[in-house]
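Keep the structure open as you read.

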Amino acid sequence: MTTGTSGIEHGFTHLDTVRAAVHALFKRLSYDTVSTFATSVLPADVAFDDTEDLYLGAQRVARALVRQLHLPDARMVVGFREMEHAANVELTAGPEYFIELNDRFKKHRKDIGAALAHEVMHVYLHRLDLSFPGTRDNEILTDTATTYLGAGWLLLDAYREHGPFSQKLGYLTPEEFGYVLAKRAAFFGEDPAPWFTSPQAYDAYTAGAARARQDARRPPLAGAGWAARLRYAKDRRAAQDPRRAGRVAGPDDGYVFEDAPLRVSFPCPACHQRIRVPVRGHLQARCGLCKTLLDCDT
C-alpha cells in the first residue's frame, strides 16, 4: 500500500475501476455473503493510543480486522521496518501471514488500523482468488473491497491535509473512498459520518456521497433529473425509428436501447450489474445480483 504526503490526488479519476470492483465483489461473493458484512468494524475495536504496548496493540487491531473480514483461521504477525510504502503483506498459503508496517506508524499509532485493514483485505482477496490485472487496478480493487466490506472508513479517516504533515493511505482518492462508503451506507443503512476524526475525511465523504447519489438519478431510473429525461426521450425516439441501424446508446448515462422488442439496458446504481427491461413506461425492476429494487420510467 502506498502513502502520500504531498500532491494528494483528488476527484474521481478511477471511478470506472471502482465500479468494476464493486460489481466484481458482488459477483464473486453473492448477495447473501455481502449481506453478512452489514456492520463495520467499530472505532473502539481499532483504537490505539500511546499507553498500549506497540506490538501487542498491533496484534489486537489485526485480530479485530480478521474478525471483520471473516477470516477466523488466519493469523496475522505484525512487524515494523523502514520501507518506502506504508505496509506490505506476504501472501502465502496461510494460515499465518506476515504484515510489515512502515516504521513511521510507531509514532502514528492512530493510523495502524487503516494500514492493517488494506493488508488484511489482500489476504481475503488472495483466498478468494479475486484480482484485477495490473498492480494499479488490483490495488484499487483492494481499497474498494476494504471499504465496502466495512473496514475502509479507517483508510479515509487517515487522510489529512495539514501542510507538510498531509497524508493519504491507499490508491483511491479521498472522494472515491467517500463514494464507496456512500454506496455501502445506502446498501446497509449504516452511517459512517460520526466515526470520522479528520475534518478533511468528512468533507471527502460528503463529496463522494453526492457523486454516488448521481448514480441513482440517471435514466431510465425514475429519479433522473429533467435534463437527463429529455436526453433519454430523444434517444428513445431515435431507437424507435425504423430507419435506424444498430443500437442507440446514451453517451453519459450508460443506458443502451436494444431491438426486438425494444428494451433498454442500464447499470444498477448499487452494484453496476447490467439490467435489461422492456421499454413500456413506469415499472419496477429488481437487480438479480444485489437484489436492489429499482423504480424505472422507461
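Q: Which residues does T17 touch, not counting residues up to four places away in sequence?
A: This is a predicted model. T17 is found in helix α1, which covers residues 15-29. Leaving out residues up to four places away in sequence, its contacts are F132, R136, D137 and I140.

Q: Is T17 buried or exposed?
A: The relative accessible area of T17 is 13%. Buried means under 20%. T17 therefore counts as buried.

Q: How are helices α5 and α6 oriented where they pack?
A: Helix α5 spans residues 112-128 and helix α6 spans residues 135-148. Their axes lie 9 Å apart, at an angle of about 105°. Angles of 65 to 115 degrees count as roughly perpendicular. So α5 is, relative to α6, roughly perpendicular.

Q: How many nonpolar, polar and charged residues are in the contact of α5 with α6?
A: From α5 come A117, H118, M121, H122 and L125. They meet N138, E139, L141, T142, D143, A145 and T146 in α6. By class, the contact has 5 nonpolar, 5 polar and 2 charged residues.

Q: What is the volume of the largest cavity?
A: The cut-off for counting is 30 Å³ or more, and the count comes to 1 cavity. Its volume is about 60 Å³.

Q: Which classes of residue line the largest cavity?
A: The lining of the largest cavity consists of D215, R218, P219, P220, L221, D253, F266, P267, C268, P269 and H272. Pro and Cys count as nonpolar. By class, the lining has 7 nonpolar, 1 polar and 3 charged residues.

Note on methods
Residues numbered from 1 in each chain as written. Predicted model: local features only at pLDDT ≥ 70, side-chain atom pairs only at ≥ 80, totals over all residues. Heavy atoms only, no water. Helix = DSSP H or I, 4+ residues; strand = E, 2+ residues; numbered from the N terminus. Buried < 20%, exposed > 50% of the residue type's maximum accessible area, 1.4 Å probe, protein only. Contact = heavy atoms within 4.5 Å. 1 Å grid on protein atoms, 1.4 Å probe; cavity = no way out; pocket = protein on both sides within 12 Å on 5 of 7 lines; lining within 4 Å. Points joined across faces, edges and corners; volume = space filled by probe spheres on them. Axes fitted to C-alpha atoms, helices over the stretch in contact; angles between N-to-C directions. Parallel < 35°, antiparallel > 145°, perpendicular 65-115°, else oblique.
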